[in-house]
Amino acid sequence: MTLSGVIPGIVDAHVHFYDPMRSTWALSRFSRVAAMPVINRFPRAALWLSGLPSHRSETRLMIDPSIVRTPYEPRQYGAEASGVRRVAGVGIDAVIGVEAHWGGSGATKSDTSFAETRYVTGLPFGRSRAPRLGGFVVSGDPGAPGFADDLDDQLRYTGLVRGVRCKWASHPDPQVVHASRRSGGLSSSTFLRGFEAIERHDLAFHSFAYSHQLGELDLLARRFPTTTIVVEHLGLPVGVFGPVGSETGMTAAARAEILSLWRDRIAMLAARSNIVVKVSGLALGLLGYGRETSGNIGGRDILAEMIGPLVLHVVDRFGPDRVVFGSDMPVDRPNATIDVVVGALLDVVGDRGDHLLAQLFAKNAQRIYRVD
């Protein structure tokens, strides 16, 4: 099964672009080696050395350390995505850049986010083999002081901002990354006031959280019924395939419980018409593929077999018009390259008809992110 004749090209709705020599969050690592006399003579080598010790949050996200030490820009993505046409029959037409904010210190979150917006939107998209930039999702916490003003500044700078990504993931396992320790979750008065800015600008709210937290999105969707809420990475059922952290998914019974809770939460959210699920992060280590940060998936067939039940549950509950494809490159690349991810997903949903394929791989993203 291919997408030839179904859509002219794929819209990849979840890609992280950065350069350790230019991205603000990565440049903060320079503080470790800033005093070294060689830094001015060999800056890239010095930065590479500064990135050798993995940031704690990256380790707990099971991100391969090599990913954050090397640039990932349109040229690198275009080279990797060139293999998609072979398996899908069409190439990547457009991408939605998603701010990573993996780690770092020094600058404030808002300053860092604005710098990332300027950097990504200024990259050479649409040249050579690189696809065009269809939109950009900034990082932000609606509960943070000054959120609305910071968002206004970014919208004035570029018309490509299409959404706000909030990393509010929290997990009882101490060895699974905690993206936020803010009290009150998504129901605090400060968060809700900040969220009104997202509603006012007709942006999509992107949720990076774990499956046991998804119930809070139901209340948020009811309070803001006209705002699109995007659940990233299938809702992240951490440990559903195998052990993660120090105590998650350690037994078959524990994994069955994780899967059951995730299925219930997905079914509950499907009742809210403004909630969309991003079929992304399919090779993310947090799902429980293995303890290593790379090489944990044997290939397309194995990936399709593992993700199949999750993807089909989402598709059956949400329907063809509320699912969006995202590759999560380059984070997922050490476990599965983009052509493997696209091929495995086609193996899973290829028999569900052209309408689903068109909506999943392009048309829903074009609508949500207003891609021309």
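In β3, R132 is the bridge partner of A94. This pairing belongs to a predicted model, in which strand β2 (residues 92–98) and β3 run parallel and are joined by five bridges. The chain contains 14 helices and eight strands, and 57% of its 372 residues count as buried.

**The sheet as a whole**

- The eight strands form an open sheet, and their order is β1-β2-β3-β4-β5-β6-β7-β8.
- The pairing within this sheet is parallel.
- The edge strands are β1 (10–15) and β8 (323–325), each of which pairs on one side only.
- On average, neighbouring strands of the sheet are turned by 25 degrees against each other, with direction ignored.

**Strand β3 and its neighbours**

- Strand β3 spans residues 132–139 and is mostly covered, with seven of its eight residues buried.
- On one pairing, β3 is joined to β2 by five bridges in the parallel sense.
- On another, β3 pairs with strand β4 (residues 161–167), again in the parallel sense, over four bridges.

- Strand β7 (residues 275–279) runs parallel to β8, and three bridges join the two.
- V279 stands opposite F325 in β8.
- β8 is one of the edge strands and pairs on one side only.

**The helix pair α13 and α14**

- Helix α13 covers residues 338–349 and helix α14 covers residues 354–368; their axes come within 11 Å and cross at roughly 150 degrees.
- Because angles over 145 degrees count as roughly antiparallel, α13 is roughly antiparallel to α14.
- The crossing of α13 and α14 is right-handed.
- From α13, the residues that make the contact are V342, L345, L346 and V349.
- From α14, the contact is made by L356, L357, L360 and F361.
- The residues of this contact divide into eight nonpolar, no polar and no charged.

**Contacts along the chain**

- Among contacts between residues at least 6 apart in sequence, 80% join residues at least 24 apart.

Terms used:
Residues numbered from 1 in each chain as written. Predicted model: local features only at pLDDT ≥ 70, side-chain atom pairs only at ≥ 80, totals over all residues. Heavy atoms only, no water. Axes fitted to C-alpha atoms, helices over the stretch in contact; angles between N-to-C directions. Parallel < 35°, antiparallel > 145°, perpendicular 65-115°, else oblique. Left-handed = near helix turned anticlockwise from the far one by under 90°. Contact = heavy atoms within 4.5 Å. Nonpolar A, V, L, I, M, F, W, Y, C, P; charged D, E, K, R; others polar. Pairing = 2+ DSSP bridges. Buried < 20%, exposed > 50% of the residue type's maximum accessible area, 1.4 Å probe, protein only.
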